[in-house]
Amino acid sequence: MAMITARIVTVEKSDSKYRTPFLSANDASRWCTVRSLGDNNVYEIDRGIEEEGPIRWDSIDKVEHVGPDGVMHSYSSKPTLFPTLVAGLYKALKFTTGLQISTETFAVTRILLVLVNGFSFGVFLWFAALMINSVPVRDWTRYFLLAAAGFGTYLSTFTVTLNNHLPAAACVMVALYLMSEIWRDSGRSKGRKQPVGGLGYAFAGLSAAFAVANEQPALAFFCCVGLVCLIRSPRKTLLAFCPAAIIVAAGVFGTNWLAHGTWKPAYAHRSDGAVIATVAGNFSDPLDRGFLPNELREAIAGELAFERPVVTQGEWPSTPETEQRWVVRDQRSAAQMAVVKSEAGDYQLRAWGNWYDYPGSYWLTSNDNKKSEVDRGQESVPLYLFHVLFGHHGIFSLTPLWVLSLAGMLALMFGVKLGGVFPMRWLGGMGMLISIVVIAFYLSRPAIDRNYGGVTCVLRWLLWLAPIWLVSMLPVVDWLAGSKGGKFVCFLLLLLSIISASISADNPWVHPWLYEVWGWTGLPK
C-alpha cells in the first residue's frame, strides 16, 4: 500500500508535450466528467475541452448528442455511476480544502486517486486475506497467496489511473468472501459460529451489483452470488440482498438518464436509429454531391426540420461494405439523421442514434491511419483467442500465475484431493464457468471490438476475475508447498508475474511488453 501511494502521488505522463496527470484517453474521459459535475453540475464536458491551459482536457473516448438545451454537446462515453461518485468525493474535497481541479489539477487528481484507488486496493487485499484465512491450508500458502494478490497481478499496475477495473475487482473480492461464508452456513454447528446476518447479505448484493456497474460481464458472477444467497436464505435474499442490488441499479440507470436522457449507456449508441420513413427512387448522385433531395426532406417534414442541411458520406466502421450510407446534419440546428440505401433499392431515413459518428471522431474509418493497430480490431477469431490465452495479450503468458489457477479450478471442480479436503468445490465450477462465458462474450463481439481493450498493458477486461482466479489456486499451491521443488515452481511463477506487471507500473495505458517483443518476431498479431 505504501508503494502504491508513492506511485500515485508522483503520477505524471512524461511522454507527452503536455505535462498532465492523465495517462490516457480512458482516464481523461472520466476526469472530464468529474470536473464538469464537480464544478458545473453538468455531464457535458465541452467547457473543459474548449478551455486552453497548461493541461489539455480532452479525450477520444467521448460521444456527441443533443443535450437538454437542444444544443449538441460532448459527453464521456464511460458509464456514469462511478465518475459521479468520484465527482461527489471531489466536491467534498473542494468544500473542505478549497482546491479546484481546474487550477490545482495534479494535487486534486492525486488526492482522489489515493482515496479511490488506494481504498479499493486496500479493500481487495483485506478481504483476500480474510478469504485465504478461512480455508484450512499451510501458513506458507497463505503468505504466498497474499503476496500474489499484492504484487503478482496487473491490478497493482492500474492503481495509478482512474479506471473501472480496480473497483470492480475489489467488489468481486468482497462478494466472493461473503458468498463463501454464506455457503458454509449450513455446515455450522449451533453455538460454534453465527450464520451470516442480513447485513452480510446486503453487502453481498451491494458489492456484486457494483461490480456489474463497473464491468458488465460481471453479471454472470452476480447471478452466482444471488443464487447461493437464495439457496441459503430466501428471506434474507429478498429483504437484504435484493434491495441493496436495486440501490446500485437505480444509481446506474438514474445517473445515465441524468447524463444522456436515456436508459441505454453511451457506448451502446453505435448504430443508426429507427426508420422514420422509406422513399423509393434514385438519390445516390445528389447525396454524394452533398445535397438533400426535396423528396427526402418532405418525407420527414413532420419529424425533423432541415433548413441548411449538409450531407456527407457515412464512414462508421461497422457499416457493411455493401451498404450505402449518408449522414445529414443541419447547420442551423442540431437536427441529424442517416440515409441508408437498403438492399431493396429504396432509401431509409433513420433517426440519429450513432453518438460516436461526429466530425473529427477518432473512430471513423477515415482515421484508420491514425488508429493503433489493435484499435482496428482483429478479424480472425481463432487468432484473437490464441493471443487472449497465450499470445501477446495472453492470460497465461503475461501472468504465469494463472496456470496455477487453471489447475486449481480443475482440481476443485473434479474433487481431486491434493493433500487435503477443500470446502469450496463450488468455486472450481463457478470460476471455470464464468471464465469461459466472459472470454466467449468478448470473442463473439464484432471485429472492431476485438481489440484487447485498446492500447493497454494487459487484457484489462478480465482483471475483475483476478479474485476468483487467486482463490482458485489455493489447493494447487498448498499441494506444491509440501516440497521444495513445488515451492520453487510457485516462486518462479510469482517472480515472472511480478516482473511482467511491474514493467508498466508507471503507466498501464501502453502496449504489453510481449506485444512489442512479438512485433520483432514477424509472427502474426
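Q: Which helices do the buried residues of H9 pack against?

A: A general idea comes first: an α-helix has 3.6 residues a turn, so residues three or four places apart point the same way. In this predicted model, the buried residues of H9 pack against H7, H8, helix H10 (234–260), helix H16 (425–443) and helix H17 (466–472). The buried residues themselves are Phe-221, Phe-222, Cys-224, Val-225, Gly-226, Val-228 and Cys-229.

Q: What span should the 14 residues of helix H9 have, and what is found?

A: At 1.5 Å a residue, helix H9 (residues 219–232) should span 20 Å, and this agrees with its end C-alpha atoms, which are 20 Å apart.

Q: Where does the second largest pocket lie, in terms of the residues nearest its centre?

A: Rolling a probe the size of a water molecule over the atoms shows where empty space is left. Here the second largest pocket holds about 500 Å³ of space. Its lining comprises 19 residues, with Phe-119, Ser-120, Pro-167, Cys-171 and Phe-210 nearest the centre. At least two lining residues come from each of helix H4 (81–97), helix H5 (105–133), helix H7 (165–183) and helix H8 (198–214).

Q: How many residues of that lining are nonpolar, polar and charged?

A: The lining of the second largest pocket has 17 nonpolar residues, 2 polar residues and no charged residues.

Q: How many disulfides does a search of the whole structure find?

A: The search finds 0 disulfides. Cys-224, for instance, is in no disulfide, and the nearest cysteine sulfur, that of Cys-223, is 7.0 Å away.

Q: Is Cys-32 buried or exposed?

A: Cys-32 counts as buried because its relative accessibility is 4%, and the cut-off for buried is under 20%.

Technical notes:
Residues numbered from 1 in each chain as written. Predicted model: local features only at pLDDT ≥ 70, side-chain atom pairs only at ≥ 80, totals over all residues. Heavy atoms only, no water. Disulfide = S-S within 2.5 Å. Buried < 20%, exposed > 50% of the residue type's maximum accessible area, 1.4 Å probe, protein only. 1 Å grid on protein atoms, 1.4 Å probe; cavity = no way out; pocket = protein on both sides within 12 Å on 5 of 7 lines; lining within 4 Å. Points joined across faces, edges and corners; volume = space filled by probe spheres on them. Helix = DSSP H or I, 4+ residues; strand = E, 2+ residues; numbered from the N terminus. Nonpolar A, V, L, I, M, F, W, Y, C, P; charged D, E, K, R; others polar. Expected span 1.5 Å × (residues − 1). Contact = heavy atoms within 4.5 Å.
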